[in-house]
Amino acid sequence: MPAPLDIDQLKTFAAIVDAGSFTRAADSVHKTQSAVSMQMRRLEERIGKPLFVKDGRTNRLTEDGEKLIIYARRMLRLNEETLAAFDENRLEGLLRIGTPDDYADRFLPEIIARFAKSNPNVELYIVCESSNDLGEKMARGELDIALVTHNPRVRQSEVVRTEPLHWVSSANHTAHETTPLPLAVGRRNCQWRQLACAALDSVDRDYQILFTSWSSTVVASAVLAGLAVSLLPEAALRPGMRILSPADGFPPLAPAQIGIMRRPGVPASLMNAISQHISASLDNITPMPLAAMEESDQGFVQMRPRQRNGHLMPGW
């Protein structure tokens, strides 16, 4: 019977793919670079296929390496779930999480998938409301942790992600050329609504608020239908949207910041676990540079993941 694959080698292999280099992977798995290289040589010997190939100064995955990383991640997840099932010290209880619906749509699937697999006995109670409402719920002790738009003038939060904020319109309509400019934004105390109005006032651009909603789906629908212009963080851009620049008469915007609010008194083990999963999940979503936004013949925005330096992308 063939010898089984070594879980530690697979863990190191996945770390190299995630970190983008042997050197950074060595730091994340707490090994020397020579130890990491040795593990990969042994893994290649066990598989019987080369997993990396030199590409200038970097290494990239071979076709067999791309195939292996899929199986490696499955095995690592199953290994974690198996150990968690027999861990007498595994986390239990209820964790109340708050997030606006646009953050929930973009970030929550990755966060809860990571956390639930590692902590299957923790019940997650999730509330989707505006950042202002979530801040008030945190103050009343109704939530344990909240992912909010960072606004130090209103509430205290720890910034965990920063990304560009863009004016957006439909790629197939000309709402952005209309006077007064039709806007789709949040309610009156929405930070981004206030930012949009202040920015347009600064360039004496006439505007009219036609759609008001806390729902990011409603705002995006108004934009895609060509009925209004709005502003969105880069990770929320959708196919069919066009980024508007100063050349279109739209002033630049300050970047959007996402923060975490934590309720004092939550068991440190639970708080540390969810905080780590949130940070890891947000790190996996890389802001997209403007150079990566391309318009196709149909006018739709094409979105490509930004590659971090040295990152090994399957099929790249």
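## Packing of α1 and α3

Helix α1 (residues 7-19) packs with helix α3 (residues 33-47) at an angle of about 110 degrees, and their axes are 9 Å apart. Helix α1 is therefore roughly perpendicular to α3 (65 to 115 degrees; under 35 counts as roughly parallel, over 145 as roughly antiparallel and the rest as oblique). Axes are lines fitted to C-alpha atoms, for helices over the stretch in contact, and angles run from 0 to 180 degrees between N-to-C directions. Helices (H or I, at least four residues) and strands (E, at least two) are DSSP runs, numbered from the N terminus.

Residues D8, Q9, L10, T12, F13 and I16 of α1 meet V36, Q39, M40, R42 and L43 of α3; contact means heavy atoms within 4.5 Å.

## Basis of the model

The model is predicted: local features need pLDDT of at least 70 and side-chain atom pairs count only at pLDDT 80 or more, while totals for chains, interfaces and linings use all residues. Residues are numbered from 1 along each chain as its sequence is written, and side-chain values use heavy atoms, with hydrogens and water left out.

## The five-stranded sheet

An open sheet of five strands has the order β4-β3-β5-β12-β6, with mixed pairing; two strands pair if DSSP finds at least two bridges between them. Its edge strands, β4 (122-128) and β6 (158-163), each pair on one side only. From one strand to the next, the twist averages 20 degrees.

Strand β3 (residues 93-99) runs parallel to β4 and is joined to β4 by seven bridges. L94 has E123 in β4 as its bridge partner. Helix α5 (residues 101-118) lies across β3, β4, β5 (145-149), β6 and β12 (256-262), and runs at about 175 degrees to β4. Helix α6 (residues 131-139) also packs on the sheet, where α6 touches β3, β4, β5 and β12 and makes about 150 degrees with the direction of β5.

## The three-stranded sheet

Three strands form an open, antiparallel sheet in the order β10-β7-β11. Strands β10 and β11 are the edges, each pairing on one side only. Four bridges join β7 (residues 165-170) to β10, and L165 has P233 in β10 as its bridge partner. Helix α8 (residues 216-224) lies across β7, β10 and β11, at about 50 degrees to β7.

G240 sits in the loop between β10 (230-233) and β11 (241-244). Its C-alpha is 7.3 Å from that of N172, although G240 and N172 are 68 residues apart in sequence.
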